[in-house]
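Dear colleague,

I am handing over the structure below, and after it you will find notes on what turned up when I went through it. Please read them with the coordinates open beside you.

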Amino acid sequence: MRSNTFIQFAATLVAFVAACLFPAWSMAATHNVVLSAETLPNGQPAYKLLSHTSSNGTVPGYATEATIPGPTLFIKTGDKINVQLTNNTQSPVSFTAPGLSTGNSALAAPGQTKSYRLNARKAGTFAYHDEKAPMLGLFGAIVVDESNGHVQSYVDGDGTIVSTKRSQLSKEFVLFMVGSTFWGAEISRNGNQQPLWANPDLGAYQDDLLRFHVLAVGPGHTFHLHAHRWIEPGSSQKAPHIIDTHILDDLNNSHVFTIKAGTGVGPGVWQLHCHLISHMQSGMNSRIHVVARDSGQSADSIVGASPSGAIFNNDSDQPGLVTFIVSDEPAGWFRSARGDALSPVTHTKSLEIIPPGSSVHFVMS
Ligand SMILES: [Cu+2]
């Protein structure tokens with residue numbers, strides 16, 4: 001009895017000391033995230049968020065549909081994530097987040113459900129994706145923020161570096177650079193997530209604080225945004241490098257920065273693109289329109305072509321997008337992502353039928 005009391009006292013003391021020394025750990029949350037993998041109307045696979053519960057209670061407002069990129073998971077350093085993935089596609093899929101995963105990478109066969117575990121030991125934005133064919137659409141971002149709420153500082157018009165909290169951000173953009181396309185998502189100030197699909201036109205009011213999470217899946221890219229400058233992550237606080245271009249040189253790179261929209265340049269339409277000229281010429285181009293708050297113009301982002309948009313056999317008011325997989329397979333080297341479903345009608349997997357105004361996307365892995 002007496003030794004039990006001592007053990008309880010010692011355990012309480014250890015917990016108290018740990019909470020004092022490592023406050024982030026003591027506030028760490030466990031997240032249970034339930035996902036499915038779905039096939040979008042154009043044949044591309046995508047992750048869909050079914051539920052997210054957190055031991056600290058707060059979760060974002062997710063899109064109700066399967067999206068590319070998949071849902072953006074916002075967590076804090078020290079948090080744990082349990083992911084349950086159900087595969088509703090016709091091919092095996094998986095879930096991995098290099099840098100966060102704790103060694104599990106089991107494939108879920110069609111119809112199967114698998115579980116994965118992640119630990120967020122350090123702050124940053126990390127890609128999660130399918131291991132086998134991530135470039136087709138099964139990818140998304142996990143944002144691990146410091147528990148004190150600080151995010152990347154921004155550079156003001158006069159060159160001053162201004163420290164920033166997440167609560168000050170007007171919007172956040174997630175941009176995946178894949179093949180010849182930017183895949184975008186927007187997270188509003190209140191946490192609501194909206195898919196922006198392929199090569200969207202981003203929107204913001206002048207002086208809005210915007211955080212960008214730029215990630216690459218597959219071969220590397222060089223991100224460049226016109227008219228804005230930001231701090232190179234990891235450069236010294238005293239003499240930070242100010243940049244407007246960043247190379248993402250492997251599968252799991254990410255680049256995160258905060259800007260003040262239009263600072264030093266005013267309202268305008270600014271291009272963002274891959275600086276590898278061949279990628280840019282192939283379509284890896286987007287833009288951000290920055291409008292004055294009193295101009296009466298809309299600061300809403302304009303969604304790009306969508307895998308759920310109007311294409312043959314899929315009616316929609318949105319502009320559609322078809323995707324071809326370019327491979328070394330004899331005869332099938334140029335195959336629509338929905339080639340299996342389409343070929344009874346078209347008698348080939350290499351033909352797509354689209355209305356004017358649609359987009360065509362190529363994936364070469
Ligand atoms: Cu590129």
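On one side of helix H4, Asp340, Ala341 and Pro344 are exposed, where exposed means over 50% relative accessible area, buried under 20% and partly exposed in between, with a 1.4 Å probe and protein chains only. The buried residues of H4, which spans residues 339–346, are Gly339, Leu342, Ser343 and Thr346; they lie on the same side of the helix because they cover an arc of only 115 degrees around its axis, the arc being that of the directions from the helix axis to the C-beta atoms. These buried residues pack against strand S23 (334–336), and H4 is followed by histidine 347, whose phi is positive, near 60 degrees. Helices (H or I, at least four residues) and strands (E, at least two) are DSSP runs, numbered from the N terminus.

Before going further, please keep in mind that this is a predicted model, in which local features need pLDDT of at least 70 and side-chain atom pairs count only at pLDDT 80 or more, while totals for chains, interfaces and linings use all residues. Residues are numbered from 1 along each chain as its sequence is written, and side-chain values use heavy atoms, with hydrogens and water left out.

Turning to the copper ion, its protein donors are His221 (ND1), Cys274 (SG) and His279 (ND1), lying 1.9 to 2.1 Å from it; donors are N, O and S atoms within 2.8 Å of the metal (3.2 Å for Na, K and Ca), and since water is not among the atoms, sites may look incomplete.

An open sheet of 5 strands has the order S13-S21-S20-S15-S18, with mixed pairing, and its edge strands, S13 (201–205) and S18 (245–248), each pair on one side only.

Strand S14 (209–216) is mostly covered, 8 of its 8 residues being buried: Leu209, Arg211, His213 and Leu215 lie on one side, and Leu210, Phe212, Val214 and Ala216 on the other. S14 pairs with S10 in the parallel sense over 7 bridges, where phenylalanine 176 stands opposite leucine 215, and with S19 in the antiparallel sense over 7 bridges, where arginine 211 stands opposite threonine 258.

The largest nonpolar core has 25 residues, and those with the most contacts inside it are Phe212, Phe223, Leu225 and Ile288; such a core is a set of buried Ala, Val, Leu, Ile, Met, Phe, Trp, Tyr and Cys residues joined through side-chain atoms within 4.5 Å. S14 gives the most to this core, with 4 residues, and a second, separate core of 24 residues includes Ala97, Leu118, Tyr128 and Ile142. Leaving aside its neighbours within four places in sequence, phenylalanine 223 is in contact (heavy atoms within 4.5 Å) with residues including Leu175, Trp230, Phe257 and Leu272.

Best regards

Methods
Pairing = 2+ DSSP bridges.
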